[in-house]
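User: Could you take me through the model shown here? I would like the helix packing, the sheets and a few single residues.

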Amino acid sequence: MALENKAFKTNAHFVFGKLVIRYGLATKEIVQKALKTQEALAAAGEKKHLGEILVDMGVITPSQMKALLKLQRFFKLREQERPLLHYAVTKGLLLPRDEKRALARQMELFKRERKYYAIEQILYEENILDLSAIEALKDAFAASTASPTKTAATPEAPTTPPSTATFISPERLQVLEEVFDVVESSDRLEASLVWTKKPPPNLTLVELRAFIEKRGICYGTLLSTDIVTKICAKPGVKGSVVVARGDPPVPGRNASIQYRFDTDPLKVGRLRKGGSVDFRDRGEIPLVREGDLLAERIPPTPGTPGTDVFGHPIEPPKPMDIILRCGKGVVRSEDGCQVLAARSGRPQISADGKISVHSELEIFGDVDLKTGHVIFDGDVKISGAITAGFRVKAASVTAAEVHGAEILAEGNVMISGGVINAFIQAEGQVKARHLAGSTVRACGDVAVSSSIVDCTLETSGSLLAPTATVLSSQITAAAKMFLLHVGSEKSKACRLVMGEDPILKRRLSGLRDRMQHLKNRGLRFKKAETRQRKVLNDIELAIGRTVQFQDRTLLEIRKLEEDRAAVESPSAQAQLENLQKAIQDAEQKVEKLFQVQDALKSSLRRLVDRHSQCARDLADLEEEVRGLTQWAKMKKERPEITVEGVVAAGTVIIGPESSWKAVESLHAVRFTEKSIEDPQTGVVKKKLSLSGLS
């Protein structure tokens, strides 16, 4: 029996537990333990859902609980509709295979969209029954379930007025069907009456309304005598007219974040009027105290459903929610709607939306043998250079120059001079005067004022270098590039990639690998837990059998001791000694079994703790993936490359779906990717488009 067929054969109170066991999220013993906890809480006057208890126990995650609750609701609603289907099959109004087909389609839609579709809608959309047949089935079913008792004094209920179609003969409708057809738009918000023959001159409004009602058009009809007159008066044998318009759904408002501090005080990545970048503007650094409100989530507003021309509701697009992502030095409120400072310091938001508060470390001079590697949980300000072979790992880094060093930052990297033969990885923005022989990876924008030579640069944002020359470099930017010159006759060709985000891909791939590792680890813990519970159960059974043996032996000893004559015989004495020795052996055995039991329980507790920790870590990683995915969706900048000076011959430009190579040098050009239709084949393809700068 399928799960959906037997899910409600028992009390609905236990359906959630059955689903947890069915999908392998917990064993029967764990669910029974959670049910007992639920009963104890209920006895104390506290009502708590079974799913919440399992989340508190670390057995399932909150997202798994939500998914199971949706599934539970699906089965509940489906069970309520089963009597109608059973009635339809027993009365011959529906074939058994059609019932199975409708139920299978309903389950398929739920799995794909996580949304419940009523069986009536499924029957109609799968062309199993038309609207009139569905209404007749519902009326017959309602009549069969109504109370049969009816007094003579009760007046007859008025009959429903007949549809307009009942006033039209089948022959007349057949004539109309030979002339007219109804075509609805792809979104079902508009229906048009089309004809390929000359409409009959005696066409009436009643006939036309009956015709479109037969096609299921019942909402937003625009029929009038004027429309009928226009149809009959139109010249030619072909034509069309809109006869119904539905109400489109009104989209809701996406969730947003209101920040209570300046998120970019250094103004990195901001273009001034005219396309230049102000590299001297340092702004005013904000400071916060412990407990200060840093950010607030404005929840999404749901949209308003619409109605198509068939009278079916159209759900509005689900508004995008957003997660307040927290880094170091901040805490999230219990309702998840606020972020507060957990310590005093400088607030910071990374390019991917993670909020942190950092303290500050100032180093006077260079990072060299005197300082060693610098690893600090906060902002690092270096008045000198970071010299070759040294590493700086911090929340954000400010320095004069970088020579052959490595920088790993959770936020911004600000270099007032040059970066030579270095590696920089930043979750925020990067700013430098010039880059040479270096690799730079940034989640935020990269701003360079002078030159980029022989570098590999990747950014999830934009490259802002409107006064810089790029030579022998490979640059990948998810958004825009603003450059002065690209390439030269003597240097190696440059390769510019727009609309691609390798940093996000690597981060998501790494997170998913860690998630899979945690899932595998959790599965191993779960299997080990199952094995140990089985062994523990065997130990408890062995203890029980040994204790029962002791009880039986003690009973035999008492019987022998009560029989004084038997006790005095040598055989009875020997038997008594054997029984007492058996009791001693049993006691030693029970003692060892208890020791093994204690060790197993201790080991089992550690396994459960590790399994719960895996579940919590997995939930954190899932939230991180959701946050990164939301951040990627919120980036709306159209990728493009703008070069105000010269693009040298040999330069390669690569877009998301197309590429281009410069055969000759160009001047003042903008590159974008556009959809272009092939005039011969009619196939629409993406192609890089070049346009001059005005």
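User: What should I know about the numbering and the kind of model?

Analyst: This is a predicted model: local features need pLDDT of at least 70, side-chain atom pairs count only at pLDDT 80 or more, and totals for chains, interfaces and linings use all residues. Residues are numbered from 1 along each chain as its sequence is written, and side-chain values use heavy atoms, with hydrogens and water left out.

User: At what angle do the axes of α5 and α8 cross?

Analyst: Helix α5 (residues 62-90) and helix α8 (residues 131-145) have axes that cross at roughly 100 degrees and come within 10 Å. Axes are lines fitted to C-alpha atoms, for helices over the stretch in contact, and angles run from 0 to 180 degrees between N-to-C directions. Helices (H or I, at least four residues) and strands (E, at least two) are DSSP runs, numbered from the N terminus. The two helices are therefore roughly perpendicular to each other; angles under 35 degrees count as roughly parallel, over 145 as roughly antiparallel, 65 to 115 as roughly perpendicular and the rest as oblique.

User: Which residues in α5 and α8 meet?

Analyst: From α5, P83, L84, Y87 and A88 meet L137, A140, F141 and S144 of α8, where contact means heavy atoms within 4.5 Å. By class, this contact has 7 nonpolar residues, 1 polar and no charged ones. Ala, Val, Leu, Ile, Met, Phe, Trp, Tyr, Cys and Pro count as nonpolar, Asp, Glu, Lys and Arg as charged, and the others, Gly among them, as polar.

User: Now the sheets. In what order do the strands of the 4-strand sheet run?

Analyst: The order is β4-β5-β10-β9, in an open sheet with antiparallel pairing. Two strands pair if DSSP finds at least two bridges between them. At the edges are β4 (256-259) and β9 (330-332), each of which pairs on one side only. The twist averages 20 degrees from one strand to the next. Within this sheet, β5 (residues 293-298) and β10 (residues 338-341) pair over 3 bridges, and A295 has V339 as its bridge partner in β10.

User: And which strands stand at the edges of the 10-strand sheet?

Analyst: That open sheet has mixed pairing and the order β13-β16-β19-β22-β24-β26-β28-β30-β32-β33. Its edges are β13 (374-375) and β33 (659-661), each with a single partner strand, so one side of each is left without a neighbour in the sheet. Helix α12 (residues 502-562) packs on the sheet and touches β24, β26 (456-459) and β28 (474-477), its direction making about 70 degrees with that of β26. Strands β16 (residues 391-394) and β19 (residues 406-409) pair in the parallel sense over 4 bridges, with E406 in β19 as the bridge partner of R391.

User: Over how many bridges do β34 and β35 pair?

Analyst: Strand β34 pairs with β35 (residues 684-692) over 9 bridges in the antiparallel sense, and F671 stands opposite L690 in β35.

User: Where is V55, and what does V55 touch?

Analyst: V55 is in helix α4 (residues 50-56) and counts as partly exposed at 24% relative accessibility. Not counting residues up to four places away in sequence, V55 touches I60, T61, P62 and M65.

Notes:
Buried means under 20% relative accessible area, exposed over 50%, partly exposed in between (1.4 Å probe, protein chains only).
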